[in-house]
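Walk me through this structure, one region at a time. Keep the terms clear as you go.

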Amino acid sequence: LSMAGRGRGRGRGQMTFNVEAVGIGKGDALPPPTLQPSPLFPVLERRAAPLPGGEEGEYMLALKQELRRAMRGLPYFVKPGAPRRDIERYSDKYQLSSPVDSAIDWNPDWKRLPRELKIRVRRLRKGRTTSHVPKKYVALDKEETIKKLESLEKKEEEVTSEEEEEKEEEEEGKEEEEEEYDEEEHEEETDYVLSYFDNGESFGPDSDDNGDEAVY
Amino acid sequence: MTQAELRLCSLLLQEHFGDIVEKVGNSLLRTGPRPLRLLVGDTGLLPDQVKKALCVLIQHNLVRYEVQPRGSVEYEARSERILRILRYPRYIYTAKTLYGDPGELLVEELLLHGHLPMSCAVARVADRLTETMEDGKTMDYTEVSSTFVRLADTHFIQRCPIVSEIPQSTNAPPPPAPALAIDEKDMYVVPRLSLVGKGKRRHSCNEEEEGEHKAKRQKQEGGRSETPPDDGIYWQVNLERFHQHFRDQALVSAVASRMDQTSSEVVRTMLRMSEVTTASGASHTQPLSSNEIFRSLPAGYNIGKQVLDQYLALLADDPLEFVGKSGDSGGGTYTVKVTWGPGASWALPIPFPHPSLILLLLHRFGSRCARIFRLLLRKKHLEQKQVEDFAMIPAKEAKDMLYRMLSENLVSLQEIPKTPDHAPSRTFYLYTVNVMAAARMLLHRCYKSVANLMERRQHEMQENKRLLDKSQRVEAILASMQATGAEVAQLHEVEEMITGPERQQLETLKRNVNKIDASENQVDETIFVLESFIESTMKRP
């Protein structure tokens, strides 16, 4: 019984079922077999219909673009931290704050999140850097001053983990006082507009070779 | 999860949250639920970066966590929720049409931040609205608050699950992650807050006020650091409710196009009355008596009670079964059928996926192909010869079209053996349309389309990056010059920094990007129809 199918359609592609039932008549040429994946940009046989315009469409389009723009500016748009510089430069003090890996720029409700996710919350103040020299105004013990200096040095480099949380919170408390205190005075620490400050770093690694001024 | 969905999720995350969040989300989507340790290893990112990304994703409900019995916490990405980012403009626009500008901004803020306490949301929106008002005017909190309450009452926004208060013994260590839960009945309860205040502008125009402002600002910020009255109660957008609204809209317009404006208004009224009583996923609304419907008709429609009854009878008799009669009490009770199923697939009204499929065929393959497809939908199973006859299309062309559709999986062949040995020569081969398979195929294509569109758009922006940067700089210079009162001639000089051909290029770029964005919105509409159809069909027993 199974041999009944053989011998039919000799000289043409042989199929397991009666191709006439599907409509391929005797002697019809079948299209050539496809030997490669379909092209990346297939030929467009018909043009697509035009997009529906109208007020609703226009408004939603504007909303979409506006949303995209807005979300880039929110703290949820996580940017990688600035790579560590090999040499500390004087201009670092005046650079506007760049993203820091070990800190989060918004204040989530930590009660609602797993404990392992907690990292330091960075308070963003315009025109201030997160690491600054401790002020003389605040009276600190010598011991605490030394501890603070050390931890400030480490701040930019160390990855914060839960064990260090307490130390951080202590620091943060002090920072808070200082920041509120001298927010006004500090924004104007220099006469120069901070955004104009260009330390020439973007021009390549050899900018330091001309460090010495010409000696007459 | 198909590759197409994965790719689209990746693109959406990257565009809205950056590369780091995208890497983390992508890894979770591909590997499934993971603990933090493994995630850091998989992504190759710094631990702090991964933590930050997870915080963002959880904040926006895109990832959920679960405490495993051994004590570790596993994170899982929610792919279907990530895809909803595409629909944000539609949610916001709908809120605008229903509740005006305050509604629009409230929904927007909640979507931008994932979830917010009511006090925070109201304050932000009031500030934003104040910015747009004339000098000296401010938006009062009460108006925004009342819109918030209305949104909650109609279930468009809902409360997030709250941290359960587990009494802890001092010996037991605190759990690694909080358990969040909420009761259905609490979900839409608005806390009693007396939010008093007005919106603030970002820049105060009055010199005198400045000193006062700053003092107030510091005090305000000091006040903000105290716990707000609704601490711990967060609100989020209820996407399912918006989806229900979209379905209702589609139903109403289907009725309108099939019958007339008045019948569509009747159906709209019935749907509005059942808004909050219809459980999501239910196939019918609760029965409504015609008396109730009569009382709830909108003010403009003064049709008599008898006329209403006639309309209801007409709607119930329609073979599409939009409205079903469920009883006779109160002048007759009626329900509206809200799911879409193949049961009513004889004709082709708008909410069903068949029009999308047919439109695809129409545009890709031509009107004759579409005719064959419609025919097969109607007749279910047809032989080759019958297709040619019924569709009145010459054999050669019909064959060609059928094979093309077959290769695209839009139609399939059904074997019906005449004899028990299934011999090919004695078997019927019938063409048929498998609606679910076709719908899934089209949905997959849609995901691919949107991903392609997004990539193309990003490519266009990247190609023209230099020009865009230049144009932005020029804009900035012009703005600052105008602020300092420069002469027209000077402004002109600066404007000419961008040459004629460059302006052309920018125009073309803008046109293309707009077109692509509009297309993305358009495809999302089709995605919604198909997903709803597939979901509701799978739910039916």
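Two strands pair if DSSP finds at least two bridges between them. Helices (H or I, at least four residues) and strands (E, at least two) are DSSP runs, numbered from the N terminus. This is a predicted model, in which local features need pLDDT of at least 70 and side-chain atom pairs count only at pLDDT 80 or more, while totals for chains, interfaces and linings use all residues. Residues are numbered from 1 along each chain as its sequence is written, chains are lettered from A and ligands numbered from 1 in the order in which they are written, and side-chain values use heavy atoms, with hydrogens and water left out.

Start with the overall layout of chain B. Its domains are domain 1 (3–77), domain 2 (80–165 + 183–200 + 232–237), domain 3 (240–336), domain 4 (353–433) and domain 5 (438–537). These bounds come from an automatic or database domain assignment. Between the C-alpha centres of domain 2 and domain 4 of chain B the distance is 51 Å.

An unreviewed UniProt entry annotates residues 8–65 of chain B as "domain: RNA polymerase III subunit RPC82-related helix-turn-helix". UniProt positions are given in the numbering used here, feature names are shortened, and annotations may be inferred rather than shown by experiment. In the model, this stretch is 78% helix and 9% strand. Its end C-alpha atoms are 23 Å apart.

Helix α3 of chain B spans residues 47–59. Its 13 residues reach 18 Å from first C-alpha to last, close to the 18 Å expected at 1.5 Å a residue. That expected span is 1.5 Å times one less than the number of residues. Is α3(B) enclosed or open? Of its 13 residues, 12 are buried, so the helix is largely enclosed by the rest of the structure. Buried means under 20% relative accessible area, exposed over 50%, partly exposed in between (1.4 Å probe, protein chains only). The buried residues pack against β1 (103–104) of chain A, and also against α1 (3–31), α2 (36–43), β2 (63–67), β3 (73–77) and α5 (88–113) of chain B. Contact here means heavy atoms within 4.5 Å. Just after the helix, N61(B) takes a positive phi of about 65 degrees.

In chain B, 3 strands form an open antiparallel sheet in the order β1-β3-β2. β1 (34–35) and β2 of chain B each have a single partner strand, so one side of each is left without a neighbour in the sheet. Antiparallel β1(B) and β3(B) are joined by 2 bridges. R34(B) stands opposite Y75(B) in β3(B).

Another strand to follow is β8 of chain B, residues 234–237. Y234(B) and Q236(B) point one way, W235(B) and V237(B) the other, and all are buried. In a regular strand the side chains alternate between the two faces of the sheet. β8(B) pairs antiparallel with β4 (116–117) of chain B over 2 bridges. It is also joined by 3 bridges to β5 (157–159) of chain B, again antiparallel. W235(B) stands opposite L116(B), and W235(B) is also the bridge partner of R159(B).

Finally, the cysteines. The structure holds 0 disulfides over all chains, a disulfide being a pair of cysteine sulfur atoms within 2.5 Å. For C55(B), the nearest cysteine sulfur belongs to C160(B), 16 Å away. C55(B) is buried, at 1% relative accessible area.
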